[in-house]
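Here is a structure to look at together.

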Amino acid sequence: MEKRLLTLAAVLFAVVAVVPEVSATRWTVGSKMGWTTNVNYTIWAQNITFYNGDWLYRNQMNVLEVNKTDYESCNADHPLKNWTRGAGRDVVPLNVTRHYYFISGKGFCYGGMKLAVRVENPPPPPRASPVKSDAPLSILNRPYLLPAVFAIGAMWDAFVHLW
């Protein structure tokens with residue numbers, strides 16, 4: 001039983017070590033100012049890079065997703081999506097790489113409650129630097145080391161169970 005748990009732990013460790021880290025950010029619209037009138041959300045968003053998988057969080061009023069034309073004219077008559085869920089804590093997933101346009105209805109858009117964001121794919125993970133040709137090769141740098149360790153462990157386990 002103990003050997004099975006040890007084997008399971010080794011397999012889980014190997015899987016976790018291979019899975020790349022994925023990190024999404026939940027952006028509070030307007031930061032400390034929140035989603036309110038008389039705030040320039042273009043300035044708030046200009047230095048932020050929004051990535052596919054991020055979230056927008058707003059803490060008051062309503063949020064309507066509209067097309068670019070309705071965004072520019074503050075037209076809330078035909079929203080693409082109403083993200084308002086009540087209680088003033090709405091979260092919008094940014095799960096498609098594209099431009100998003102959000103406004104607040106009931107005339108609040110004219111007071112500045114609108115936000116346009118461009119969502120990008122996250123950058124690829126950094127590549128490992130190449131090994132210098134004059135650097136001594138270590139056995140730890142070999143690509144077959146980890147599979148060999150697992151193979152030896154499996155053979156040892158089989159040997160112990162046969163005897």
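Q: Why is the contact between Glu120 and Arg118 called a salt bridge?
A: The closest N and O atoms of Glu120 and Arg118 are 2.8 Å apart. A salt bridge is a side-chain nitrogen of Lys or Arg within 4 Å of a carboxyl oxygen of Asp or Glu, so the pair qualifies. Please keep in mind that this is a predicted model, where local features need pLDDT of at least 70 and side-chain atom pairs count only at pLDDT 80 or more, while totals for chains, interfaces and linings use all residues. Residues are numbered from 1 along each chain as its sequence is written, and side-chain values use heavy atoms, with hydrogens and water left out.

Q: What makes Glu120 and Arg118 buried, partly exposed or exposed?
A: Buried means under 20% relative accessible area, exposed means over 50%, and partly exposed is in between (1.4 Å probe, protein chains only). Glu120 has a relative accessible area of 27%, so Glu120 is partly exposed. Arg118 has 48%, so Arg118 is partly exposed too.

Q: How many salt bridges does the structure hold, and what does Arg98 pair with?
A: The structure holds two salt bridges. Arg98 pairs with Glu65, and their closest N and O atoms are 2.7 Å apart. Arg98 lies in the loop between β6 (90–94) and β7 while Glu65 lies in strand β4 (residues 64–65), so the pair ties together parts that are 33 residues apart in sequence. Arg98 has 33% relative accessibility, so the label is partly exposed. Glu65 has a relative accessible area of 4%, so Glu65 is buried.

Q: How do you know that Cys74 and Cys109 are joined by a disulfide?
A: Their sulfur atoms are 2.1 Å apart.

Q: Why is the disulfide of Cys74 and Cys109 called left-handed?
A: The torsion about its S-S bond is about -65°, so the disulfide is left-handed. This pair links distant parts of the chain, with Cys74 in the loop between α3 (68–73) and β5 and Cys109 in the loop between β7 and β8, 35 residues apart. Both Cys74 and Cys109 are buried. A search of the whole structure finds one disulfide.

Q: What makes β7 and β8 a pair of strands?
A: Strands here are DSSP runs of E with at least two residues, helices are runs of H or I with at least four, and both are numbered from the N terminus. Two strands pair if DSSP finds at least two bridges between them. Strand β7 (residues 99–103) and strand β8 (residues 114–120) have five bridges, in the antiparallel sense. One of the residues involved is His99, whose bridge partner in β8 is Arg118.

Q: Which strands form the open sheet, and what makes a strand an edge strand?
A: Five strands form an open sheet in the order β2-β8-β7-β4-β5, with mixed pairing. The edge strands are β2 (50–51) and β5 (81–82), since each pairs on one side only.

Q: How do you know that β3 pairs with β1 and with β6?
A: β1 and β3 share three bridges in the parallel sense, and five bridges join β3 to β6, which run antiparallel. The bridge partner of Arg26 in β3 is Trp55, and Trp55 stands opposite Pro93 in β6.

Q: Why is strand β3 called mostly covered?
A: In strand β3 (residues 54–58), four of its five residues are buried.

Q: What makes the ring pairs edge-to-face or stacked?
A: Rings of Phe, Tyr and Trp (its six-membered ring) pair if their centres lie within 6.5 Å; planes under 30 degrees apart count as stacked, over 60 as edge-to-face and the rest as tilted. The structure holds four aromatic pairs. Among them, Trp27 and Phe50 are 5.7 Å centre to centre with 70° between the planes, which is edge-to-face. Trp27 in strand β1 (residues 26–28) and Phe50 in strand β2 are 23 residues apart. Tyr100 and Phe102 are 5.9 Å centre to centre with 10° between the planes, which is stacked.

How values were computed. A disulfide is a pair of cysteine sulfur atoms within 2.5 Å.
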